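I opened this model to look up a few things and note them down. My entries follow the structure shown here.

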Amino acid sequence: MDLHRAMLAEENLTGASFVGTILRNAQLNGAIMSGVDLTNARAMVASFEGAILQSAKLIHCQLNGASLKNADLTGADLTGADVWQTDFSGAKL
C-alpha cells in the first residue's frame, strides 16, 4: 500500500497492519498506534510526534530522518529498524 504523504494525525489506528507500506513523509502526529505492525514499512522522514506506539512492531522499518519526538514507544520492537537521523527527543523507549 502506498500512503506517501498521508495525513493521519490524531487518528486511532490501534492494531492496524502497515506491513510493507510506504509511509514516506506521512503525518502521524498524535496518532494512537498501539499494537500496529510496521514490519518492513518505509516511513522515511515521517512524523510520529506525540504518537502512541506502545507494543508496536517496527521490525526492519525504515525510519531514517523520521521524527518520533515525545512518542510513546513502550514495549515497541525496533529489531533491525533503520533509525539513521531519526529524532527520538523526549520519546519513551
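Entry: I looked up Lys-69 and found it partly exposed, because its relative accessibility is 32%. The model is predicted, so local features need pLDDT of at least 70 and side-chain atom pairs count only at pLDDT 80 or more, while totals for chains, interfaces and linings use all residues. Residues are numbered from 1 along each chain as its sequence is written, and side-chain values use heavy atoms, with hydrogens and water left out.

Which residue forms a salt bridge with Lys-69? I found Asp-87, with the closest N and O atoms 3.8 Å apart. A salt bridge here is a side-chain nitrogen of Lys or Arg within 4 Å of a carboxyl oxygen of Asp or Glu. Asp-87 also counts as partly exposed, because its relative accessibility is 24%. The count by this rule comes to one salt bridge.

Entry: I then checked Asp-72, which is buried yet has no salt bridge. The nearest side chain of opposite charge is that of Lys-92, 4.5 Å away. In this count Lys and Arg are positive, Asp and Glu are negative, and His and the chain ends are left out. What does the side chain of Asp-72 make a polar contact with? I found the side chain of Gln-54, at 2.7 Å. A polar contact is a pair of N or O atoms within 3.5 Å; within protein, one must be able to donate a hydrogen and the other to accept it, and residues adjacent in sequence count only if both atoms are side-chain atoms. Leaving aside neighbours within four places in sequence, Asp-72 is in contact (heavy atoms within 4.5 Å) with Ala-51, Ile-52, Leu-53, Gln-54 and Lys-92.

Entry: the core. I looked up the largest nonpolar core and found that it has 27 residues. Such a core is a set of buried Ala, Val, Leu, Ile, Met, Phe, Trp, Tyr and Cys residues joined through side-chain atoms within 4.5 Å. Among those with the most contacts inside it are Leu-28, Met-33 and Phe-48. In soluble globular proteins, nonpolar side chains tend to be buried together. I followed Met-33 and, beyond four places in sequence, found contacts including Leu-13, Phe-18, Ile-52 and Gln-54.

Entry: Gly-35. This glycine counts as partly exposed, because its relative accessibility is 38%. Not counting residues up to four places away in sequence, Gly-35 touches Gly-15, Gln-54, Ser-55 and Ala-56. Gly-35 and Leu-8 are 27 residues apart in sequence and 16 Å apart in space, C-alpha to C-alpha.

Entry: exposed side chains. Is Trp-84 buried or exposed? I noted it as exposed, because its relative accessibility is 57%. Trp-84 is in contact with Asn-64 and Gly-65, leaving aside neighbours within four places in sequence. Leu-93 is exposed too, with a relative accessible area of 67%. The C-alpha atoms of Leu-93 and Leu-3 are separated by 26 Å, and the two residues are 90 apart along the chain.

Entry: backbone angles. Most residues other than glycine have a negative phi, and most peptide bonds are trans. I found a positive phi near 60° at Asn-40 and one of about 55° at His-60. Asn-40 is partly exposed at 44% relative accessible area, and His-60 is partly exposed at 45%.

Entry: the whole chain. The C-alpha trace spans about 30 × 25 × 20 Å along its principal axes. Of the 93 residues, 41% count as buried.

Methods: Buried means under 20% relative accessible area, exposed over 50%, partly exposed in between (1.4 Å probe, protein chains only).
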